[in-house]
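User: I'm new to this one and would like to know where the descriptions come from. Can we go through them step by step?

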Amino acid sequence: MKIIKPKSGEIFDIELEESLLKKNRELAEENKKIFNQYDIKAIDILGSIGSGKTTLMCQIVKKLKKDYRIGVITGDLTTTIDADLIKKNGAQVIQINTGKECHLDAKLVSEAIKNLPLKEIDLLFIENVGNLICPGEFPLGAHYRIVVFSCTEGPYVVIKHPYIFKEANMVVINKIDLAKNMKVSLTKLKRDIKKIKPFIPIIETVARKGKGVEKIINFLKNA
Ligand code: MG
Ligand code: ZN
């Protein structure tokens with residue numbers, strides 16, 4: 001089959017994009033310095049809309065809040081639905097509304113952290129806008145990256161988004177109770193992930209029921 005692939009220089013604004021990404025990387029490093037200065041462990045949560053990022057966040061906050069002071073930055077185009085939900089579970093939450101932007105960037109996060117009581121936070125989660133593509137290109141300064149996807153996203157979600165998995169430190173496969181209905185093989189999905197990143201920890205969850213969340217927490221405690 002004929003496949004059209006852009007050659008270098010054929011994508012518009014490629015120079016603009018390069019300088020933008022470079023600037024973002026610099027700002028991400030600044031953010032990381034701030035996190036380190038306040039002894040905060042920062043974790044990115046990436047995944048599509050409906051993958052279960054917020055449900056997972058709520059469960060994690062519920063279980064971790066007795067041992068850690070938790071901050072959460074949630075990215076969304078327009079609403080505060082996620083932020084409200086997470087806040088109810090006992091975290092300091094800042095909402096970033098990106099408007100039309102389909103990802104968070106280091107600049108937005110640097111603004112958000114100015115509004116958080118950093119001295120009173122041990123763990124900071126950054127829930128990105130629901131999207132498995134460009135957030136991968138915009139580091140935010142976090143120390144770890146967790147990619148979440150669910151069985152309802154079908155059998156090809158991993159092989160169609162290799163870049164985001166390459167940059168991840170942990171993968172969560174959510175809604176495993178629906179795998180059979182979706183005719184999705186967990187073994188195959190895990191094999192796809194390991195092909196991209198051989199030693200990455202993979203955790204299976206049913207976030208809605210809290211199943212598997214303990215394993216994520218153990219990872220975070222030892223990270
Ligand atoms: Mg969400
Ligand atoms: Zn984007």
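User: What makes helix α2 and helix α3 roughly parallel to each other?

Analyst: This is a predicted model, and in it α2 (residues 53-64) and α3 (residues 81-88) pack at an angle of about 20°, their axes 9 Å apart. Angles under 35 degrees count as roughly parallel, so that is the label α2 and α3 get. Their crossing is right-handed.

User: Which residues meet there, in α2 and in α3?

Analyst: From α2 you have Thr54, Met57, Cys58 and Val61, and they meet Asp82, Leu85 and Ile86 of α3. Sorted by class, this contact of α2 with α3 has 5 nonpolar, 1 polar and 1 charged residues.

User: Why is α2 called roughly perpendicular to α8?

Analyst: Look at the angle again: the axes of α2 and α8 (residues 213-222) cross at roughly 65° and come within 10 Å. The range 65 to 115 degrees counts as roughly perpendicular, so α2 is described that way relative to α8. The crossing of α2 and α8 is right-handed.

User: Which residues of α2 and α8 make the contact?

Analyst: On the α2 side they are Leu56, Gln59, Ile60, Lys63 and Leu64, and α8 brings Val213, Glu214, Ile216, Ile217, Leu220 and Lys221. By class, α2 with α8 gives 7 nonpolar, 1 polar and 3 charged residues.

User: Now the metals. How do you know which residues are the protein donors of the magnesium ion (ligand 1)?

Analyst: By distance. A donor is an N, O or S atom within 2.8 Å of a metal like this one, and Thr54 (OG1), Asp82 (OD) and Glu127 (OE) lie 2.0 to 2.1 Å from the magnesium ion. They therefore pass the cut-off. Along the chain, the donors of the magnesium ion follow the spacing T-x27-D-x44-E. Thr54 lies in helix α2 and Asp82 in helix α3, so this pair ties together parts that are 28 residues apart in sequence.

User: Are Thr54 and Asp82 buried or exposed?

Analyst: Buried means under 20% relative accessible area. Thr54 has 10%, so it is buried. Asp82 has 16%, so Asp82 counts as buried too.

User: What coordinates the zinc ion (ligand 2)?

Analyst: Here the donors are Cys102 (SG), His103 (ND1) and Cys134 (SG), at 1.9 to 2.2 Å. In sequence they are spaced C-H-x30-C. Cys102 sits in the loop between β3 (92-97) and α4 (106-114), while Cys134 is in the loop between β4 (123-127) and β5 (144-150), so the pair ties together parts 32 residues apart in sequence.

User: Why is Cys102 called partly exposed, and what makes Cys134 buried?

Analyst: Partly exposed is whatever falls between the buried limit of 20% and the exposed limit of 50%. Cys102 has 34% relative accessibility, so it goes in that group. Cys134 has a relative accessible area of 16%, so Cys134 is buried.

Conventions. Residues numbered from 1 in each chain as written. Chains lettered and ligands numbered in written order. Predicted model: local features only at pLDDT ≥ 70, side-chain atom pairs only at ≥ 80, totals over all residues. Heavy atoms only, no water. Donors = N, O, S within 2.8 Å, 3.2 Å for Na, K, Ca; no water. Helix = DSSP H or I, 4+ residues; strand = E, 2+ residues; numbered from the N terminus. Buried < 20%, exposed > 50% of the residue type's maximum accessible area, 1.4 Å probe, protein only. Axes fitted to C-alpha atoms, helices over the stretch in contact; angles between N-to-C directions. Parallel < 35°, antiparallel > 145°, perpendicular 65-115°, else oblique. Left-handed = near helix turned anticlockwise from the far one by under 90°. Contact = heavy atoms within 4.5 Å. Nonpolar A, V, L, I, M, F, W, Y, C, P; charged D, E, K, R; others polar.
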